[in-house]
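Student: I would like to go through this model with you, one question at a time. Please show it first.

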Amino acid sequence: MKQLAFFLLTLALFSCNPGTETQKKAQSRPNIIFIMSDDHAYQAISAYSNRLLETPNIDRIAKQGMRFTNACVTNSICAPSRATILTGKHNHLNGKIDNRMPFDTTQVTFPQIFQDNGYQTAMFGKLHFGNNPKGVDEFKILPGQGNYINPRFITNEGDTTITGYVTDIITDLTLNWLQEERNEDEPFLMMYLHKAPHRPWWPRPDKFAEFTRKQFPLPETLFDSYENRGAAAKTAEMNLLTHMMYSHDSKIRPETLEEMGEKVQPSVREFRNSFYGPYGRANEEQKAAYEPILDSINNYFKANWPGMTDREKMIWKYQRYMQDYLASISSVDDNVGRLLDYLDESGLAENTIVVYTSDQGFFLGEHGWFDKRFIYNESFKTPLMVRWPGVVEEGSVNTEMVQNLDFAQTLLDAAGMEAPQDMQGESLLPLLKGNEDAWEREAVYYHYYEYPAVHMVKRHYGIVTEEYKLAHFYHDVDEWELYDRLKDPNELKNVYADPAYASIVTKLKADLKDLRKKYQDSVELDQHYIDLYNQ
Ligand code: SGN
Ligand code: CA
């Protein structure tokens, strides 16, 4: 009996040990799926707010992991945000201050470190740099912004065009790599990068039909007149009524506009290219699915637009905008669901970190705007959710000020790799493990550059704490703005000159100076980038 018990115990220990070891090894080298959408506002994720849309699949990541409510970017624009994510450095150091500057590929990016440490790495979707990505074994990326319909991809083996809808295709490529191409014995890093819901918001035909039947609640600040704000808000060109384009954005056919002549502005030639550029890629079968929906939008416009007041026009444009933007996200959500289902079915879910984020936030009619760029909340903040079974507590919420600057170090830390000394973020691992005491950051630094350019948002940098936001618009103008984030969450009143805030201004200015120093930004660099831009 004793002998049998001993035998069983030895067997149990023996069979247990390798299991635990494998588990440990797997836990220390988890797979990573980094999902990033383009311009996906947190206001359009139901884990944050279901005012506009249900996103049950993206919400699964939040429900089974951690949702960050104060995640933000260092510079609210596409390619710079991606450069910050990849290098773990602010744009004034990685040099990718705006969408135009080339990305310096001699820099170390975090996928390269994964690759060097025995991870398989892959990237599918939108990167936005002209250069091919480094550090990824396999990639199929959209050139520049890419296209919604029948998109072209740059790959290791040359260019290819794939028939279909971009969000579905990027997911097909991702799933195919996971199922067929990777080596099951090694961990992987997958960069799964959606183009949607970037402008000009072309949904898949079925979603287009579904969402054009919906109406959405208006944001409180849709009719903002930019009083009590600075010059930058007043001169920005991203107002729905004034700057959103009929054809390019609202899907009014150039022919409709020509027919209406004087009743619409501005010139119709501009609309033809921007409408038939993206839509002209559709084949006959695809067009047949879009046409009836385009007919109904166009017929409504023809019949009603000339008689509408400005207020009614604004509301109509907002509804058209939301219909297409949210329909595009609905496809992202379905496809994230396909990926999560596969992770569950294959058993990969258990040892895979899943991150969901966007390259920045977006205005969904708040302040009457679309687009991003500003340090103001809707564009400054970005969605962030992280699922890691057994490590991150299910359904947890974190309110700390974290940034896209932190992503590289976080993922390296999670996989047990050393981050280069010159990365400027902080690993979020303590927060992910629920150890908030280990987190000391109280303020973040922001710097936007792309001016003059589309949407005309002036250059500015600033400091943001949970309570306040102080921004300096330093180019073209010399203006400061201060917002009391707790008392004025919609950021409608610049209180910089209010004597009641004088001591706060003094303190924040000193802290901002320290932050600029800490991150090695300076007046000289500001000027350097203005000079470079003017060359
Ligand atoms: C395009 C868009 C702009 C957008 C920039 C940058 N116009 O120029 O509205 O601000 O990209 O976006 S569109 O012709 O594509 O509709 S970013 O996400 O790449 O930074
Ligand atoms: Ca973007």
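**Helix, sheet and ligand**

Tutor: Helices (H or I, at least four residues) and strands (E, at least two) are DSSP runs, numbered from the N terminus. This is a predicted model: local features need pLDDT of at least 70, side-chain atom pairs count only at pLDDT 80 or more, and totals for chains, interfaces and linings use all residues. Residues are numbered from 1 along each chain as its sequence is written, chains are lettered from A and ligands numbered from 1 in the order in which they are written, and side-chain values use heavy atoms, with hydrogens and water left out.

Student: How many residues of helix 3 are buried?

Tutor: Buried means under 20% relative accessible area, exposed over 50%, partly exposed in between (1.4 Å probe, protein chains only). Helix 3 spans residues 78-87 and is mostly covered. Arg82 and Thr84 are among its buried residues.

Student: Which strands do the buried residues of helix 3 pack against?

Tutor: Contact here means heavy atoms within 4.5 Å. The helices packed against include helix 4 (91-94), helix 5 (110-116) and helix 15. The strands are strand 1 (31-37), strand 4 (120-126) and strand 8 (188-193).

Student: What is the bridge partner of Phe124 in strand 8?

Tutor: Two strands pair if DSSP finds at least two bridges between them. Strand 4 and strand 8 run parallel, joined by six bridges. Strand 4 also pairs in the parallel sense with strand 5 (residues 138-142), over five bridges, where Phe124 stands opposite Lys140. In strand 8, the partner of Phe124 is Tyr192.

Student: Is Leu428 buried or exposed?

Tutor: Leu428 lies in the loop between helix 15 (407-414) and helix 16 (429-432). Leaving aside neighbours within four places in sequence, its contacts include Phe68, Leu384 and Trp439. Because its relative accessibility is 3%, Leu428 counts as buried.

Student: How far is a polar side-chain atom of Asp371 from an oxygen atom of ligand 1?

Tutor: A polar side-chain atom of Arg199 lies 2.8 Å from a ligand 1 oxygen atom. For Arg373 the distance is 2.7 Å. For Asp371 it is 2.6 Å.

Student: What percentage of the area of ligand 1 does the protein bury?

Tutor: Accessible areas come from the Shrake-Rupley method with a 1.4 Å probe; for residues, only the protein chains shown count as cover. Taken alone, ligand 1 exposes 460 Å². The protein buries 83% of that.

Terms used: A polar contact is a pair of N or O atoms within 3.5 Å; within protein, one must be able to donate a hydrogen and the other to accept it, and residues adjacent in sequence count only if both atoms are side-chain atoms.
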